[in-house]
Amino acid sequence: MALAVTTTSSSSTAPSTSFFSRLGSSSDVKAPQTGSFRFLDRPHVSSVLVNLTQRCSSVRPLNAQPQRNDSIVPLAATIVAPEVEKGQEDFEQLAKDLENASPLEIMDKALEKFGNDIAIAFSGAEDVALIEYAHLTGRPYRVFSLDTGRLNPETYRLFDAVEKHYGIHIEYMFPDAVEVQALVRTKGLFSFYEDGHQECCRVRKVRPLRRALKGLRAWITGQRKDQSPGTRSEIPVVQVDPVFEGLDGGIGSLVKWNPVANVNGLDVWNFLRTMDVPVNSLHSQGYVSIGCEPCTRPVLPGQHEREGRWWWEDAKAKECGLHKGNLKQEDTAAQLNGNGATHSNGSATVADIFNSQNVISLSRAGIENLTKLENRKEPWLVVLYAPWCRFCQAMEESYDDLAEKLAGSGVKVAKFRADGEQKEYAKSELELGSFPTILFFPKHSSRPIKYPSEKRDVDSLTAFVNALR
């Protein structure tokens, strides 16, 4: 993903036919000057625009070149950003308070609250609207983007056009080269057509995103309720991220803002045209929702925009994993699999996780033997997990990193898949309450010790292990 610092430089979905007729056939990267700015019809927006325009003219450009690191970090000491508010806040109530607010007001509130600790997730499609709103607030802002290595050439050209148009630097996050190499060598370049897109997306998108978000306390997305009725129809304008971890570590340490949640697609495009900002030229060729080149195609008039993404899969599974918190817990097992298939015991046929060479996979017999030993040669750390569980997926990288850190230390790191037919055993014999459950088996005791915290970052898990071994 990419981070860029810039300088200050609700309604129902309309048919796709109107969208294409408005776009025309031009491949120019500027949005045509047609349509009306429908957001400004709202009375409360005009006063905000006046105040923000005045503020915008008084802020000096920030020209600091960001360091291109693996995580999003504060960019330059010269950046003046508002202080982050301390203490717990009721974001559910804040979401209700902002439910009828304009995207501009929501963006301004997000930047005001989190200052240097928030960034815009830019995908190279309509997310350019988010950058325009941030620009209009007059506040400093950051932009980051994931470069999966398989984007369309037109998307890369848009990245360049956006950087020049706003005078910003986008910091790109890339997938781990070793993981990509292993996936391609093992399963080929197009395995996702056969067994679903989740595994490829996890390597190329989700893990880079996780690294990026660990350097932030909040992020801003372009999710809209009308994008995917099956998974996004209930997204609030602001929420505690249910999946990813932020700078402080642990579930609940990251806030997610969705300023255009209540805006329909045509209104977004009216805004883009009115403001004359760069857009992806693929939009004029019938592409609406744009992702990686092999997994994106144009949609026909009347088709929903998400029909152009992973079109070979079940319609319910139109999430790559970046917003998997949208999936209801009871449906996650089926929906996270590209084809929605499940075993007869109810466990999902999703790709396994914690596939590090440093993590030992325990069978039922293996963990039974481990629990019976009273004098082990070394202590063991074991995670009880289900590969479809979003909380297990969220801690995957931390657990793999911990296993690498503990390699050669005398502590064995392992996993035991405890869903399906193993769930009752895990509940009765292994203290399984919810996924994931982490157990430490000391060297000279048969009784395992359960990890009590919700914080699952490397440092917290390391402290737990060091306190007991």
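Predicted model: local features only at pLDDT ≥ 70, side-chain atom pairs only at ≥ 80, totals over all residues.

**Exercise 1. Find how helix H5 and helix H10 pack, and say which residues make the contact.**

Solution. 
- Step 1: Two packed helices are described by the angle between their axes and by the distance between those axes.
- Step 2: Locate the helices: H5 covers residues 128-137 and H10 covers residues 265-275. They pack at an angle of about 60°, and their axes are 10 Å apart.
- Step 3: Name the arrangement. Angles of 65 to 115 degrees count as roughly perpendicular and those under 35 as roughly parallel, so H5 is oblique to H10. Their crossing is left-handed.
- Step 4: List the residues. H5 brings Val-128, Ala-129, Glu-132, Tyr-133 and Leu-136 to the contact, while H10 brings Val-268, Phe-271, Leu-272 and Met-275.
- Step 5: Sort them by class: eight are nonpolar, none is polar and one is charged.
- Step 6: Look at the Met-275 end of the list. Met-275 lies in helix H10 and is partly exposed, with a relative accessible area of 25%.

**Exercise 2. Describe how helix H4 packs against H5.**

Solution. 
- Step 1: H4 covers residues 103-114. It packs with H5 at an angle of about 70°, with the axes 9 Å apart.
- Step 2: An angle from 65 to 115 degrees counts as roughly perpendicular, and H4 and H5 are therefore roughly perpendicular to each other. The crossing of H4 and H5 is right-handed.
- Step 3: On the H4 side the contact has Pro-103, Leu-104, Met-107, Asp-108 and Leu-111. These meet Leu-130, Tyr-133, Ala-134, Leu-136 and Thr-137 of H5.
- Step 4: By class, the contact of H4 with H5 holds eight nonpolar residues, one polar and one charged.

**Exercise 3. Which kind of aromatic pair do Tyr-133 and Phe-271 form, and which kind do Phe-190 and Phe-192 form?**

Solution. 
- Step 1: Start with the count, which comes to 16 aromatic pairs.
- Step 2: Tyr-133 and Phe-271 lie 4.2 Å centre to centre, with 5° between the planes, and the pair is stacked. Tyr-133 belongs to helix H5 and Phe-271 to helix H10, so the pair ties together parts that are 138 residues apart in sequence.
- Step 3: Check the accessibility of these two. Buried means under 20% relative accessible area. Tyr-133, at 3%, is buried, and Phe-271, at 1%, is buried too.
- Step 4: Phe-190 and Phe-192 form an edge-to-face pair, 6.0 Å centre to centre with 70° between the planes. Phe-190 is partly exposed at 42% relative accessible area, whereas Phe-192 is buried at 2%.
- Step 5: Finish with a group of rings: Phe-122, Tyr-156, Phe-159 and Tyr-172 form one aromatic cluster.

**Exercise 4. Is Gln-422 buried or exposed, and which residues does it contact beyond its sequence neighbours?**

Solution. 
- Step 1: Gln-422 sits in the loop between strand E10 (412-417) and helix H15 (423-429).
- Step 2: The relative accessible area of Gln-422 is 15%. The cut-off for buried is under 20%, so Gln-422 is buried.
- Step 3: Set aside the neighbours within four places in sequence; Gln-422 is then in contact with Arg-364, Phe-416 and Arg-417.

Key:
Residues numbered from 1 in each chain as written. Heavy atoms only, no water. Axes fitted to C-alpha atoms, helices over the stretch in contact; angles between N-to-C directions. Helix = DSSP H or I, 4+ residues; strand = E, 2+ residues; numbered from the N terminus. Parallel < 35°, antiparallel > 145°, perpendicular 65-115°, else oblique. Left-handed = near helix turned anticlockwise from the far one by under 90°. Contact = heavy atoms within 4.5 Å. Nonpolar A, V, L, I, M, F, W, Y, C, P; charged D, E, K, R; others polar. Phe/Tyr/Trp six-rings, centres within 6.5 Å; stacked < 30°, edge-to-face > 60°. Buried < 20%, exposed > 50% of the residue type's maximum accessible area, 1.4 Å probe, protein only.
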